[in-house]
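I opened the notebook to write down what I looked up, one topic at a time. Here is the structure I had on screen.

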Amino acid sequence: MKIRKLSILNFRGIKQLEWNLPDQNIFCLIGKGDSTKSTILEAIRYAFHPQWNLAFNDSDFYQCKTDAPVKIEVVVGDLPDEFFSDQKYGAHLRGWEKAAFELHDEPEDQDEIVLSIRFSVEKDLEPKWKVFTGRTPDGVDFRTADRAKVSVGLIGSYSEKQLSWAAGTALAKITESDNLSESLVDATRAARSSLDGQRATALKNFDVAATLSEGVAKKLGIPIDDSFKAHLDLGSISIRVGGLTLHDGNMPLRQLGLGSRRMLLCGIQKENLEAHHITLFDELELGLEPHRIARLIRHIKDDTTGQYFITTHSPSVLRELTVDQLHVVHKVAGEVEVVHTAAKELCELNIQGHVRSSAEAFLSMKVIICEGATEVGFLRGLDNHWMKHNLSPLSYLGTVLLDAHGASKITSLAAAFKALRYEVCVVGDGDAPLQFSEKDAKGLAEKDIEVLIWSDQLALEQRAMYDLPWNSVQATVKLAQDLGFDVCANVRSKLNVVLDKDIMKWPESVALRKAIGDAAKAKASPWFKSVSDAQAWFEAIAPAFDDPGFKQRDLATKLNQLRAWVDHG
Amino acid sequence: MDEDLPEKLAAFVGKGYVIAPAGYGKTHLIAMAVKASSQRQLILTHTYAGVHAIKKKMQALSVPASRYQVDTIASWALRLCLCFPKTSNWYKEYPTSGKEWAKLYETATTLLPRPFIERFVRSSYSGFYVDEYQDCSSQQHQLVDGLAAKLPCRLLGDPMQAIFDFTDQPVDWVQHVYPHYQLLGKLEKPWRWHSAGAIELGDWLDAASKRFRAGEKISIAAPLPKGVKRISVDLMDFTTPGRLNFFFPFLAHEETVIAIHSGNPRSKNKTHKLAQALGGKFSSIEEVEGKNLFSFIRKLDAEQSSKQKLCLVIDFTKKCCNAVDGILSAATKRGEETKVTKATKYPGLADLANAYLAAPSSANLSRFIGEIQSNPTTSTYRRDMLNRFMKILRKHAENSQPSLLESAHRYQRDFRHSGRPIRHNKLIGTTLLVKGLEYDHAIVLEAESMSPRELYVALTRGAKSVTIVTLHTTIPA
């Protein structure tokens, strides 16, 4: 069975969600914390809860408002024939047009035949499961036994129960028995007879008391068939299915590491008797090293019998998946949206490549797209500087710096992240209009993307050399010299003047500022083209930020603008 | 019957039929065949009486209920169309006219090739049976044939019993069944008569049926076997006062008796006339649709003046009861208020007529007609029609539906499910009305006027005896 559409109303953090699922087996949900990824998994679990008793309380309602009923509606396809029969849900068939993500109340000839399931809870906290259609809005009961047949298993925060045979566990599902409890009666009998064998030792004291009682009975004339003995009473000491747990030799498997237990559960889930399953895996990476993550995902990818819903916060998990399998969850004021990274309208944006190269960015909330390593390093330095001045660091605000590796890539990258509903800010140079033009910048701004371009068509280094106080310019050249550049030659190649060997003696002039900026940026020997060099550069000029004159300049204003975006934008 | 016929039917996967005359253990065969198959079967028949009979047999033979679904073709087709109203474009929950039903069957037939319906049908049943196939209309046959393309199909019926109203278009066995369906077996033993202790009658009927099927006639001159009797009387000879005397011995016991006229339109009224002539001792039955009743109700509903209403009611009552004229006052008969004096013969009746004139409600009408019926000098002979009307009046009075006609339609729906509410067990009907029904004794009236099939249906209605009323000594004429 496969889920085709999921709608949620008023369930925990979700006020509303409508999600049309592509025809896939793996759905990896990513998004910032509290974007309700795990709630989506819980909703699926509740819709197919295999027991009639499901404890529900006020906090399961959106904002605890019990007046608005919880409603989870799931369209499921790929159903076994018995669900289509007249005796089950044959009168409630609906059609799903996969290509158009459209639900038809009655199936069209090309449609997949599906059922709509509704799980609802009202103020009385009484959960109801129904199969319904537009023509039968009240629906009929979606029976407990049928819900169990869908075989939904959640691998969440680990509970001791999970590697036992308790009702509803994956182990219970793969055990061929109509009634597990009954099968256990035999085990109880075995325990009783084995105890009998050790009567002389284990039951010695009890039997003494039994013999005493026998004497009393005889005196009172109570008939005795055989003789009084202490014995296990099958009626009162039943061994419960929850007490039967998986062992390796004598060691209970609950002593295994967290990651191993979760991997094992995932594997068992696949083996269930229904030959199909829906597995919900909350925080797949929990307790697993990258190589085991890769192995687990391989296992999941190879399984064609089930649908997997995974949440993760790990770049290692993302790198193992393809964009087909990635879905970004966004929540604004309770309205939740799930965006498929491989959706048709996003296919030109090469998101796959970005996932590989910038997995971390996909796990953030805000992305600052930088033209190159220089900007990344410079902004890192700036981040440290902000921290020293008691401003929140970028990481704290869920903001990530992303290297676009060239001006030409900025536009597509920014559009891609924006399309996936991330907040995006672009920090670009103005010196290569062919690769990133004013027009591009405008286009991005129209998409509600913050764009920072140094004015006068200048690159960062050039802009800095115009805007910084002279001593910071000198510090820049000094740093370049320390990094091993022949700064005098570099600058002279841009401006034919005689320069003192001592940089501190260089006279300030606009022409020289320009020449230094051009030299720092020069293609043949750029001074700060690695992240660490650029960061060092920022540290060298950091004192300028205390200079009131500098604060009025373009560089400083733009960086302040960036700060404002980071804080609020 | 072939000993292993049930197993044969259960294992069969194509399109086949069994020749199964009435009373030859057809229901038993279906139940045994369903019992022998491992998966769920659909069993379709024509009437709710048939549905009940099959279910009862299933229970008696302890066939698990999960193994079958029994339904009428009509309600199965209706449910299918209503389950998918957009696809079928069918929204009517209660079809009424024959035309609407015919349209329903066509609609259901067009649904069958749809992929999801096929999936639904195959998921629900692993095969199906149709009982009393000779009673299928040609539209019903199209539906069955469409279903047979998806599921193993086994028809049971007897073309010898195919009798129809002239308005219906019955399934043509020669054209539609024989060439396309495989003969799976024939039922040979007249079980009904054997178990009723009328073995001679059963064997005589079996022999007669073979002659009829061969297009031959049979002699009904003496000697006749036990349970078969011929009365040489001309019912239309009104000059002979004792011509109806042979009916009276049947009143001496409590067993069920059916007197049967031909189903041709000329004979229809004869049943009511005969019931009237017998003073209601035998009561005539109506067709399920109740055409006469509905046309009366329509007129009554449309009439505004209570004077005219009363006149209509009196007319109708006269068609159902004898001696109505003599108990009503002249004013009542004119549709006017009666001044009740000491000379008024039945003051209570006159009061009720006056009450109806003052307020023509269904409650008042029901009391008025009730009073006529219980008057010792009247006798009701069209009980079936009058009872139905009284039930409709009560329904209308209790539920205050918008119109009497609406109540009548609702009553008609229930009636299709529950069957005729007849407690009287001496009845007169036509071959068309009694086909498929079973009585202790049958009286075949004017046997010479019946076609071979009608004759066969009429002769086989009585499990204990059959009395043939005709001047002829060979039948059919």
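**Terms first.** I needed to know what counts as a helix: it is a DSSP run of H or I with at least four residues, and helices are numbered from the N terminus. I also noted that this is a predicted model.

**Helix H18 of chain B.** I started with B:Ser400, which comes just after H18(B) and takes a positive phi of about 40 degrees. Then I checked the length of the helix itself. H18(B) covers residues 383-399, and at 1.5 Å a residue its 17 residues should span 24 Å; the end C-alpha atoms are 24 Å apart, so the two values agree. Next I asked myself which residues of H18(B) are buried. The list runs B:Arg383, B:Asp384, B:Met385, B:Leu386, B:Asn387, B:Arg388, B:Phe389, B:Ile392, B:Leu393 and B:His396. The buried residues of H18(B) pack against several elements of chain B, including helix H13 (291-302), helix H14 (306-320) and helix H19 (404-418). Strand S10 (283-284) and strand S12 (379-380) are among their partners too.

**Chain B as a whole.** I counted up the secondary structure and got 21 helices and 16 strands. Along its principal axes, the C-alpha trace spans about 80 × 65 × 40 Å. Buried residues make up 43% of chain B. I also looked at contacts with a separation of 6 or more: 74% of them join residues 24 or more positions apart.

**Domains of chain B.** The assignment gives domain 1 (5-189), domain 2 (194-285 + 425-475) and domain 3 (291-418). I found the C-alpha centres of domain 1 and domain 2 of chain B to be 30 Å apart. Between these two, 11 residues of domain 1 are in contact with 13 residues of domain 2. The domain 1 side of that contact divides into five nonpolar, four polar and two charged residues.

**Over to chain A.** Chain A has domain 1 (2-164 + 256-323), domain 2 (180-242) and domain 3 (364-569). The centres of its domain 1 and domain 3 are separated by 47 Å. I then picked A:Ser164, in the loop between strand S10 (152-155) and helix H4 (170-173) of chain A. Is A:Ser164 buried or exposed? It counts as buried, because it has 21 C-beta neighbours inside 10 Å and 20 or more are needed. Beyond its sequence neighbours, A:Ser164 touches A:Thr169, A:Leu171, A:Gly242, A:Leu244 and A:Thr245.

**Cores.** The largest nonpolar core has 196 residues, and A:Ile44, A:Ile369, A:Val426 and B:Ala77 have the most contacts inside it. Helix H4 (residues 73-83) of chain B gives the most to this core, with eight residues.

**Where the chains meet.** Last, I found 15 residues of chain A in contact with 13 residues of chain B. The chain A side has five nonpolar, three polar and seven charged residues.

Note on methods: Residues numbered from 1 in each chain as written. Chains lettered and ligands numbered in written order. Predicted model: local features only at pLDDT ≥ 70, side-chain atom pairs only at ≥ 80, totals over all residues. Domains from an automatic or database assignment. Contact = placed C-beta atoms within 7 Å. Nonpolar A, V, L, I, M, F, W, Y, C, P; charged D, E, K, R; others polar. Helix = DSSP H or I, 4+ residues; strand = E, 2+ residues; numbered from the N terminus. Expected span 1.5 Å × (residues − 1). Buried ≥ 20, exposed ≤ 12 C-beta atoms within 10 Å, placed from the backbone. Core = buried A, V, L, I, M, F, W, Y, C linked by C-beta atoms within 7 Å. Lists of a residue's contacts leave out its neighbours within four places in sequence.
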